[in-house]
Structure formats: structure tokens, C-alpha cells
Amino acid sequence: MTGNDTDDTRTDGAVPDYLTETPPVDHGFVCESCGHRWYYTRRACPECRARTVSTYQLTTGDVVTWTTVGVTPPDVREPNRLAVVRFGDVQLIAQLEEDEITAGETVEFTGEHRLRDSTSDTAPRLTRVEK
Ligand SMILES: [Zn+2]
């Protein structure tokens with residue numbers, strides 16, 4: 001490998017050529033060739049290297065674990081609560097809206113929140129689904 005141009009699985013957030021823009025944080029990726037699903041932008045399917053990729057809305061997921069980060073970068077809320085969540089075939093980490101949660105609880109992405117003070121971009125946070 002001679003650099004990023006040949007690394008089809010890099011995850012640097014660059015918009016890959018199969019997309020016209022970065023999808024919202026509440027979307028996963030699915031390979032149209034082999035059906036593999038993943039999260040986070042990649043330049044190609046990590047299983048078969050195909051570049052025929054679609055995005056799909058993540059619905060509800062199960063909390064694997066969560067934590068509170070007490071010291072954060074200057075433009076990130078403090079404390080910052082983060083959860084590792086499994087949405088079917090994919091697992092991701094994202095900001096949690098709840099003050100506390102328990103592993104195994106169900107969450108979904110809701111709302112529009114500024115995730116960093118340095119940008120006006122907003123995104124949903126993980127919120128408990130009441131049963
Ligand atoms: Zn594939």
C-alpha cells in the first residue's frame with residue numbers, strides 16, 4: 001500500500017465517491033453487492049471492496065455500555081455522556097442525551113443538538129425508548 005488512495009477501508013470522514021454528501025449520524029451503510037453493513041464512512045465495502053453502497057436509517061439499538069467523560073476538548077460539552085450501542089449488525093459510539101442509562105436498554109437517535117461549540121452543525125443524540 002502506498003497511501004490513502006489505495007486504502008479502501010480508511011475511516012477519515014472524507015466523503016467517498018459513492019456519496020454526494022456525508023450522511024447523517026443516524027445512518028448506517030450497506031453494500032449493494034454482498035449485503036455487509038457497517039457504520040462510519042468508508043471508501044468501499046470492508047468485506048468485498050465494492051463501491052456500490054447505500055445508506056439506511058438506524059432505528060432502535062441496544063445499549064452495550066456507556067460512560068461519562070469529565071474532561072473534554074474545549075468545544076465539547078462537559079461532562080459528555082457517550083454510549084456504545086448495537087443497531088443490529090452495526091455497533092457505534094455516540095453522544096447520549098440521558099444522564100444515566102443501563103446496558104440492555106433500547107435507544108434511538110432524536111433531536112437536533114450542537115455536538116461541538118465550534119460549529120453550528122447539529123445532530124441527534126441517543127435517547128431512551130420508553131417501553
Ligand atoms: Zn460488500
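What share of the 131 residues in the chain is buried? I looked this up before anything else, keeping in mind that this is a predicted model. Buried residues come to 18% of the chain.

**Elements.** I went through the secondary structure next. I found eight strands and zero helices. Starting at the N terminus, the run reads β-β-β-β-β-β-β-β.

**Open sheet.** I then checked how some of the strands pair up. Three of them form an open sheet in the order β2-β1-β3, with antiparallel pairing. I noted β2 (37-38) and β3 (53-57) as its edge strands, since each pairs on one side only. Between β1 (residues 27-31) and β2 I get two bridges, again antiparallel. I looked up V30 too: its bridge partner in β2 is R37.

**Largest core.** Which residues make up the largest nonpolar core? I list 12: L58, V63, W66, A83, V85, F87, A94, L96, I101, V107, F109 and L126. At least two residues of this core come from each of β4 (60-69), β5 (80-87) and β7 (106-114). The largest share is that of β5, with three residues.

**Another core.** Apart from that core I found another one, of six residues, including F29, W38, A44 and C45.

**Contacts along the chain.** My last look-up was sequence separation. Of the contacts with a separation of 6 or more, 48% join residues 24 or more positions apart.

Key:
Residues numbered from 1 in each chain as written. Predicted model: local features only at pLDDT ≥ 70, side-chain atom pairs only at ≥ 80, totals over all residues. Core = buried A, V, L, I, M, F, W, Y, C linked by C-beta atoms within 7 Å. Buried ≥ 20, exposed ≤ 12 C-beta atoms within 10 Å, placed from the backbone. Helix = DSSP H or I, 4+ residues; strand = E, 2+ residues; numbered from the N terminus. Pairing = 2+ DSSP bridges. Contact = placed C-beta atoms within 7 Å.
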